[in-house]
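Visitor: Hey, could you walk me through this one? I'd like to start with a helix and then look at the rings.

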Amino acid sequence: MTKKSFPFRATGGEIRALQQPGYYAGYSTLAQQRKWDDATRETVTSRVMKTPPIRFFSPQEAALLGAIIDRVLPQDDRAEAHTVPILPALDQRLFNNELSGFRYEDMPPDQEAYKLAIEAIDAMAQQRFGQAFIDLTVHRQELILKSLHDGHPDPDHAAWHRMPVHRFWAMLMEDCVTAYYAHPWAWDEIGFGGPAYPRGYMRLENGLPEPWEKDEQRYEWNVPADSVSELDEEGAPPEYGSLHGHGGSH
């Protein structure tokens, strides 16, 4: 993890260092692994026990992309040892040149697209704020990424004339979400029962939980105070604002 930006409880106190965030405290998908066949057990447990090494990105590129991933799918409330390894999964896909079965004709190959994008994002950070992306505050990182999400890169960069920004953003989010929700720790977070093979599910109606599942335990929480979800550019304090007319620091 690079930057930290903690959500906080409605009753007060930051939410951090959790082994298992979410509404299903005490639930563990892996506790059911004795019910799985060998192939299923090996596939699922390897996602916890065998984090793939970084082989496609250089150390500098990996650090930058890691900072980007930390903002588009934050895990700041998780303990470091229980952070889902999204970057290694994405790196492995690109190292093996695995595709989704298609590529848009106006997009470069995925490997090239990622290289172009992370170089562009760092250049945008330098141009807009005079710092590398990884050194920016959380709020400024989010301002750069929000401009990509909105389809209006701010500032513009030549990379976004070589590929549509909305297609890269969709690919980035798909990769992050796929890696995150393929991991059993994410299943624990959302109360997903995990593989049902060969046991199967028995309660398929009326929202009833299976005997091995936990009941939902909801709690109120708020987004981090320095997130763009809370601060608009005009309302942000100088240390969070833009340097060219979006904030108020000049």
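This is a predicted model: local features need pLDDT of at least 70, side-chain atom pairs count only at pLDDT 80 or more; totals for chains, interfaces and linings use all residues.

Visitor: Which residues are buried in helix 1?

Guide: Those are Thr-40, Val-44, Thr-45 and Ser-46.

Visitor: And how far apart are the end C-alpha atoms of helix 1?

Guide: They are 15 Å apart. With 12 residues (38-49) at 1.5 Å a residue, helix 1 should span 16 Å, so the two values agree.

Visitor: OK, rings now. How many aromatic pairs does a search of the whole structure find?

Guide: Nine. One of them joins Tyr-180 and Tyr-181: the ring centres are 4.9 Å apart and the planes sit at 80°, so that pair is edge-to-face.

Visitor: Are those two buried or exposed?

Guide: Tyr-180 is buried, at 4% relative accessible area, while Tyr-181 is partly exposed, at 38%.

Visitor: What about Trp-187 and Phe-192?

Guide: Their planes meet at 85° with centres 5.3 Å apart, so this pair is edge-to-face. Trp-187 counts as buried at 8% relative accessibility, and Phe-192 as partly exposed at 35%.

Visitor: Which residues do ring pairs link into a cluster?

Guide: Phe-56, Phe-57, Tyr-114, Trp-160 and Phe-168.

How values were computed: Residues are numbered from 1 along each chain as its sequence is written. Side-chain values use heavy atoms; hydrogens and water are left out. Helices (H or I, at least four residues) and strands (E, at least two) are DSSP runs, numbered from the N terminus. The expected span of a helix is 1.5 Å times one less than its number of residues. Buried means under 20% relative accessible area, exposed over 50%, partly exposed in between (1.4 Å probe, protein chains only). Rings of Phe, Tyr and Trp (its six-membered ring) pair if their centres lie within 6.5 Å; planes under 30 degrees apart count as stacked, over 60 as edge-to-face and the rest as tilted.
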